[in-house]
Structures are given as structure tokens and as C-alpha cells.
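Open the structure in your viewer and keep the selection tool at hand. We will go from stop to stop, and at each one you will hear what to select and what is there.

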Amino acid sequence: MDLKPIRVFLAVVDVESFSGAADMLGLAPASVTRIIAQLEADLGAQLLVRTTRKVGLTRMGASLAARFRPIVDAFDEIVDETIRAEKPDQGHLRITAPVSFGLQIVPEVIAGFRLAYPQVSLDLHFTDTLVDVIAENCDLAIRVSDAPKDQTTIWRKLCEVPRKAVASPAFRARLGPLASPADLKPEWMLSYSASNEAELWEFSKSGITRTRRAGRHLISNNGDFLLALVRNGEGIAALPDFIVAQSLEEGALVEVLPEWTVRPLWLSLAYPPYVQLPPLVNLFAEHFEAVVLASEGGQKIG
């Protein structure tokens, strides 16, 4: 049997209407009626019950709909995988990225990718929430975060993202001498966190590691917001270099404890647990890595 009558049948089941199915499939209502009638004749069973208000299923129709649907879905998946394997430069990608990184770094990546692969459509979603790529149906997530603890996704670490503890010159001047992280008071420290937990800062120097818990008086999951507060003299924040570099160069910020190194974050790509990475997803991942790590030692985020 041809799959078309089955698709038409399932469309009628979904919208409970012959005319609605016709609109969805781009067919004339009379064609839908004729196709369903022929399908019922071929099977020798009535599948649908027509009323003035809607279309319902007979017991046989309900049984066949439940058995037909996974077959059609599997068929479509096989066809889609075959097309994407043969034409990895065509299709659709849904991508998520953090807001600050997305606004500063991702536009250049997307511009180059669209120029190279104009047949690919992109859906970009920016959020500072750690997105569940499976629940949100994302093909790929760009993440700037601590080392991942999530075991349900595939992670690909690209590089480390350097960070600095920074403050405005006026705020730093009020603090007096600072010799080690132990001299930092929690009420000075603004937390970057996607949860309601205060951030733990880890510093290292000459093989020595020291940690300090930030205060709970202000917690935010957006680096640009914390940057604005710090520039305004509200405290100290440990932020990625790509966020603070310009402010440091302008003199609007100074580094706190410059002889100590703040533990870097990871720039990673996260995927659903694919058995094999889809060619289109891999194509974007390789392009992303090539642009962001533009030259050896010349990372755009460091």
C-alpha cells in the first residue's frame, strides 16, 4: 500500500476534521474524502465516524491509527537521516547559547556559517539557564560553565575560558591591601550562579589553591548585568575575560588579586545522546570550533 492514504488518515485523526486535514496537507477536501473512502474500501473496514461536529474513530480505526503512526514516524526518520547523510549542508538546526557569549561571539560564527551553508536554517535561543537539550529539543547547546556534571548529554570541551576578579577603581581603593583570597569578605563578592547558591571562587598561585564563598546578598545568572554593577562600584565579580577585557582596557575596572589566577570555566558543546552525531550538527560544531579558536593561541574568548 502507498503511505499517502495512511498519512491522510492520520492527519484526519489528529485534527478530527476532513477539511482541517485538507488544509494541513494542502489538498482539496474532496480529495481527502475520496482517499479515506478508498482506504476503507481497500481494508474492508470502516475507520472513521463522521458527525456534524467532528470526525471520530471506530474501534478498528483506533487500532490501526495506533499501529500505523510508529511505522510512518520510523519511515520519515529513515528518509530524513538518509537525506542528511547525503546532504549534510541542508536542513534545520536549533541551537542554544548563553546571553553574553551569544551576543559577543556567536554572531560572527553564524554569519560565516550562513555564508558557507545558505541552505541550512537556524533557530538560535539565548538563555543563561542551563537548558535541558533533550527536553527543549535542541540539536546543540553552547555552554560556558564549570566542568559538566550532567551524564545524560554528550559534552565536547573546546577550550578553557579565563576569568578575572574585578572591581571599579574606586571600590578597590576602599578595600585597602589584599594579600590573599582569605582577605576577601563575602559581602564584597557578587555571585554568578544559575541557582540560588552563592558562587565558590577558586584561586591558585604557585601550586597553592585557595577557595572563598561569595556572599548571598546578590546572585545573578547574567555576566553583563554583574559587569554593570561592578563598573558602578557595587562590589567584586569573577567574570570571563571576554566580558571584562574592554572595561579593563578602558580603566573602568581593575583586577583584584592579580597575582592569583581564578579557576577558568569551560567552553563546551553539549548534544543529546546521539548514537552517532548527525552530519549537520557535526558540520556546525566544526565550524564553531574553527571560528572561536581562530588561530593557535589566538582564542577569541581569552
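Begin by selecting arginine 163 and glutamate 199, whose side chains meet in a salt bridge with 3.1 Å from N to O. A salt bridge here is a side-chain nitrogen of Lys or Arg within 4 Å of a carboxyl oxygen of Asp or Glu. Arginine 163 lies in strand β6 and glutamate 199 in the loop between β7 (189-192) and β8 (200-205), so the pair ties together parts that are 36 residues apart in sequence. Helices (H or I, at least four residues) and strands (E, at least two) are DSSP runs, numbered from the N terminus.

Before moving on, a word about what is on your screen. This is a predicted model, in which local features need pLDDT of at least 70 and side-chain atom pairs count only at pLDDT 80 or more, while totals for chains, interfaces and linings use all residues. Residues are numbered from 1 along each chain as its sequence is written, and side-chain values use heavy atoms, with hydrogens and water left out.

Are the two partners buried or exposed? Arginine 163 is buried, at 7% relative accessible area, and glutamate 199 is buried too, at 9%. Buried means under 20% relative accessible area, exposed means over 50%, and partly exposed is in between (1.4 Å probe, protein chains only).

How many salt bridges does a search of the whole structure find? The count is 11. Side chains of opposite charge can pair when their charged atoms come close.

Select arginine 50 and glutamate 40 next: they form a salt bridge, and their closest N and O atoms are 3.5 Å apart. This pair links distant parts of the chain, with arginine 50 in strand β1 (residues 48-50) and glutamate 40 in helix α3 (residues 29-43), 10 residues apart. Arginine 50 is partly exposed at 41% relative accessibility, whereas glutamate 40 is buried at 13%.

Then pick aspartate 123 and arginine 94, whose side chains meet in a salt bridge of 2.9 Å, N to O. Here aspartate 123 sits in strand β4 (residues 120-126) and arginine 94 in strand β3, 29 residues apart. Aspartate 123 is partly exposed, with a relative accessible area of 28%.

**The largest pocket**

Now look for open space: the largest pocket holds about 800 Å³. To see its surroundings, select Leu130, Ser145, Asp146, Tyr192 and Ala194, the closest to its centre of the 32 residues that line it. On a 1 Å grid over the protein atoms alone, a pocket is an open set of points with protein on both sides within 12 Å along at least five of seven lines; a cavity is a set where a 1.4 Å probe fits but cannot get out, and lining residues have an atom within 4 Å of a point. Grid points are joined across faces, edges and corners, and a volume is the space filled by probe spheres set on the points.

Colour β3 (91-97), β5 (140-145), β6 (154-167) and β13 (261-271), which each supply at least two residues of the pocket lining. Which of the elements gives the most to this lining? That is β5, with five residues.

**The largest cavity**

One cavity of 30 Å³ or more is counted, and the largest cavity has a volume of about 120 Å³. Select Val144, Tyr192, Pro240, Phe242 and Ile243, which lie nearest its centre among 13 lining residues. Elements giving two or more residues to this lining are α5 (99-104), β11 (236-240) and α9 (241-250). The largest share, three residues, comes from β11.

Select glutamate 16, in the loop between α1 (3-15) and α2. Its phi is near 55°, a positive value in a residue other than glycine. Asparagine 137, in the loop between β4 and β5, also has phi near 55°, and asparagine 137 is exposed at 61% relative accessible area.

From C-alpha to C-alpha, leucine 227 and aspartate 14 are 50 Å apart in space, and they are 213 residues apart in sequence.
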